Amino acid sequence: MALGRLALGTVGASRRVSLQRGLLFLCALVLLLLSEAVEPLGASGSPGGAGDSSGGSHGLQKGCEADVTKSKHPTNRTKKPFPVLSFDYEHVKTPFEISLWVLLASLMKLGFHLIPRLSSIVPESCLLIVVGLLVGGLIKVVGETPPVLDSQVFFLFLLPPIILDAGYFLPIRPFSENLGTILMFAVVGTLWNSFFMGGLLYGVCQIKGTDLNTVNLLACLLFGSIISAVDPVAVLAVFEEIHINELLHILVFGESLLNDAVTVVLYHLFEEYAGVGSVSILDVFLGVVCFLVVALGGVLVGAFYGILAAFTSRFTSHTRVIEPLFVFVYSYMAYLSAEVFHLSGIMALIACGAVMRPYVEANISHKSHTTIKYFLKMWSSVSETLIFIFLGVSTVAGNHSWNWTFVTVTIILCLVSRVLGVVGLTYVINKFRIVKLTTKDQFIVAYGGLRGAIAFSLGYLLDKSHFPMRDMFLTAIITVIFFTVFVQGMTIRPLVDLLAVKKKQETKRSINEEIHTQFLDHLLTGIEDICGHYGHHHWKDKLNRFNKKYVKKCLIAGERSKEPQLIAFYHKMEMKQAIELVESGGGVKLPSAVPSTVSMQNIQPKKPPSDRAIPQISKGREEEIRKILRNNLQKTRQRLRSYNRHTLVADPYEDGWNDLLFKRQKLMEIEKKMSKMSNYLTVPAAAPDSPTLSRARLASATYVLQKIVYPQAYSSKPTSDDLPTIKVDLASPQSPDSVNLVNEFQKAATQNDPDDDGGLVMKVPFADKDQGEQDNKKEQQRLMRCLSDPGPGGDEEEDEPFLP
Amino acid sequence: MGVFHSAPYEHEFHALAEKTGFSLEQISILHKRFMQLSHNEDSLRREDFKTISDLASNPIRFQIIEAFFDKRNFRQNGEGSVEEISFEQFLTVMSHFRPVPVHTMTEEQRESLRREKLRFLFNMHDTDNDGTITLEEYRRVVEELLSRSGALGKETAKGIADAAMLEVASVSVGHMEPDEFYEGITFDHFLKILNGIEIETRMHIRFLNMDTTNLCK
């Protein structure tokens, strides 16, 4: 290892990378061997020298040992030397192994991204399955039985984080606009798939050539229902990387989420009656009723917990730290509660996340919001990785019963039924849609119907005594999963490019679009009212008004309940821009989309000249005067700055006043950008305790202040009246303003309370020395919102939940 | 009731169907609604619109009502506003919201449809018909949108409108000297800035072929 480190220091970059990779894989291998080593150790329960010498962390000690068994016989106690170091693996066995697996999964994920070309060709899910296969193989070679993906673990621990992540960040607008289509695909499509496959498989089984006669109709139908459901985990894993347009994404993904209800009902129905051998009409009818109960019940349970969570978050203003916990626990409770009654847990989770999100986000702090986002992404990522790895391991571990006919027929039928189902349904759906689904869209929807671990787990849950052909089923399920994930998963990306399917728009939402979207909503509602028929927009508007009037008042704390959506959006954009500004902090690239030199003064209407109190001088002369003043001021300040050093707040982050010049240049750029980008930072201060302001938390005001407020040489633009730019100007000590400024900063420095208090609002007085017209200033309120610790790497749009 | 009762209007309806693209059933339903609103007279006035109760809670109701009386929306290249409108004019304004099957259209047709719909929106904002949306007009638009938020809305509306205007200017013009003045949003700038919203697929309502006017006031 030490050699490696030495080598790293001396060789070139590429060698370094490959060495790092090598070390990483070495680590992984070590962990693998460890995991196998501990199993026999754990199994036998006795300390021994069988452990790896590389597993130093165990603290294997061949010296003094306390025999575990010996301590169980207190009557036979003889005096032994006091055990300095002992080995007791049993009592940490389970968490230890879990941690090892999680660590392995995460290291694998890390490793894939170090290999540059691989991750662009092969989707991650495939690689993880391969790793799982390898690990399973390794374990088998060592002689142990590899663990199989336990359905209990899967459904209770691995699946919920992924679904919660999807539900919390579900883009509501496209989802609700396409809800009819999604439901059609989910319900009718899945039903069609199940019956088509089950029926045809039964027909195939009856053929004399194969020895599948034992498989009765109900078992076939059960198998059909298990295998026909599109899997959200697999869809997410693959679609995340191909970035297709929003519509297709939400169609396939929404379908995979909503078909859970159908799958649950069909599964239980057929499982119940497969043993009996027949299903009556009453049972079918009850099945339909059950479906409605399962689906709606799941949604209601989820919505109930969601409202509870929203209500709780209203009161968390004093305990910000545990806010994320409420979100997670309430959602998990929703899932478990639904599972208690055999309702659809997935739909409960989705409903909970979607219902609570707007209210919770209005109540919680910015940091909690970031925490929730990143925890959800982290958990779902780890879960997904573990699921795929375990799929691979289970493949190696399981007993397989391979039947060529069954498997091949299954795969072919899967594809055929999916295509037929999609085409048929689209034909019907397009009659009701304005934006019709084209053939390309249909192809992607059909091709994107991947199967995954849910099918496997459901198959695994089957009782062997009732279903002797369970192993054959499992083999077929695994084969189908492999086929869809590998073949379809790998080829979908080039196909998307080949067919030139519309990709996701990367544009940011602009304030104009937001204004006009709202305007359009109101306009269309108005037209509908004039027409006199209650359409889509009318009901949406009614729901919004109900929401605003009653629900928001209950669930959102304080002032924010009254904040209209446009203003909330606007403040969000402001914050984003401010954060970007701070983070880019003098970087060359302008964070905003369009570099331009247009500023506020260009759009303000000109004042009629009669308002001027001072005699009018020609513009050229004015410019000259300004220049002169500016230069003089600059010289003065340059001279004076060296005396100002001690009145400035000390900057702990930058040593060496040698780079003062460089920094000054950077800050001039910032200042220029700020005045240019002041399109958003123009809102005059809202009420001091307005919740929007209190949301901007100041952890360390000085950190941010250093970056922005620095000795300015001069204000970069001559200002005109009522120009609400943000100019921060640290005047020379002679001006009376400077004292105030300095005091303010010191106040800020000392006001670094724990950030549970309200945000600090800095009102920076504007010391303007070179204005021609002093008397036409209107509002001089300069508001600077200092934001610190904005969370890791710039906010992604919450409307894009599917990006990693 | 139904199509049969409107026999005297049959031939007119056919002509209108040709002109506006609505189906005969839709036209007869809208005619009934027109009669309902105008209390069986031949023309509609602004006051008649105010009787629609659902419209009362709409923040931009005045603009919407104005749009019906705006000559620019009558597809006759007129200007100014009128005091009362006939059924034909009513229908013409409504035809701006007719759903069109977009996927069968060519690029140019899509583009012209976009322009037409955005022109309608533009006319709604550009109240003095000078071809540009000035800052004042835009401010009024945002104020109306936020008109239900009380005092909080007023000041923020100004800020929002300013920011939006700045964005349009930045996107459209790019580089301006400090003393240049951006007159207002022209129609081309308007088109550019709203490129992201797929207007042609969103600005429509479903005109049913079933008569539901009796179900609601």
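The model described here is predicted. Chain A has 804 residues, of which 51% count as buried, and its secondary structure consists of 28 helices and two strands. Among contacts in chain A between residues at least 6 apart in sequence, 81% join residues at least 24 apart.

Part of the surface is nonpolar. V279(A), V284(A), V288(A), L292(A) and L296(A) make a nonpolar surface patch of about 410 Å². One of these residues, V284(A), is located in helix α12 (residues 281–313) of chain A; with a relative accessible area of 44%, V284(A) is partly exposed. Between the C-alpha atoms of Y427(A) and L437(A), which are 10 residues apart along the chain, the separation is 8.9 Å.

When neighbours within four places in sequence are left aside, L159(A) is in contact with F154(A), V233(A), Y335(A), I346(A) and I454(A).

Helix α11 of chain A also holds T263(A). Because its relative accessibility is 5%, T263(A) counts as buried. Residues up to four places away in sequence not being counted, T263(A) touches S225(A), A229(A) and L458(A). Helix α22 (residues 565–584) of chain A has 20 residues and spans 28 Å from its first C-alpha to its last, close to the 28 Å expected at 1.5 Å a residue. Of the 20 residues of α22(A), 14 are buried, and the helix is therefore largely enclosed by the rest of the structure.

Charged pairs were examined next. Side chains of opposite charge can pair when their charged atoms come close. Over all chains, the structure holds 16 salt bridges. One of them joins E177(A) to R173(A), with the closest N and O atoms 3.4 Å apart. Both residues lie in helix α7 (residues 172–177) of chain A, where E177(A) and R173(A) are four residues apart, about one turn of the helix. E177(A) is partly exposed at a relative accessible area of 45%, and R173(A), at 33% relative accessibility, also counts as partly exposed. R173(A) forms a salt bridge with D521(A) as well, the closest N and O atoms lying 3.2 Å apart. This pair links distant parts of the chain, since R173(A) is in helix α7 of chain A and D521(A) is in helix α20 (residues 511–531) of chain A, 348 residues apart.

A salt bridge is likewise formed by E361(A) and R357(A), whose closest N and O atoms are 3.4 Å apart. These residues are four residues apart in helix α14 (residues 345–363) of chain A, so about one helical turn separates E361(A) from R357(A). E361(A) is buried, with a relative accessible area of 16%, and R357(A) counts as buried at 12% relative accessibility. Through salt bridges that share partners, R173(A), E177(A) and D521(A) are joined into one network.

Note on methods: Residues are numbered from 1 along each chain as its sequence is written. Chains are lettered from A and ligands numbered from 1 in the order in which they are written. This is a predicted model: local features need pLDDT of at least 70, side-chain atom pairs count only at pLDDT 80 or more; totals for chains, interfaces and linings use all residues. Side-chain values use heavy atoms; hydrogens and water are left out. Patches are made of residues with over 30% relative accessible area and no salt bridge: like charges are joined within 9 Å, nonpolar side chains (Val, Leu, Ile, Met, Phe, Trp, Tyr) within 5 Å. Accessible areas come from the Shrake-Rupley method with a 1.4 Å probe; for residues, only the protein chains shown count as cover. A salt bridge is a side-chain nitrogen of Lys or Arg within 4 Å of a carboxyl oxygen of Asp or Glu. Buried means under 20% relative accessible area, exposed over 50%, partly exposed in between (1.4 Å probe, protein chains only). Contact means heavy atoms within 4.5 Å. The expected span of a helix is 1.5 Å times one less than its number of residues.
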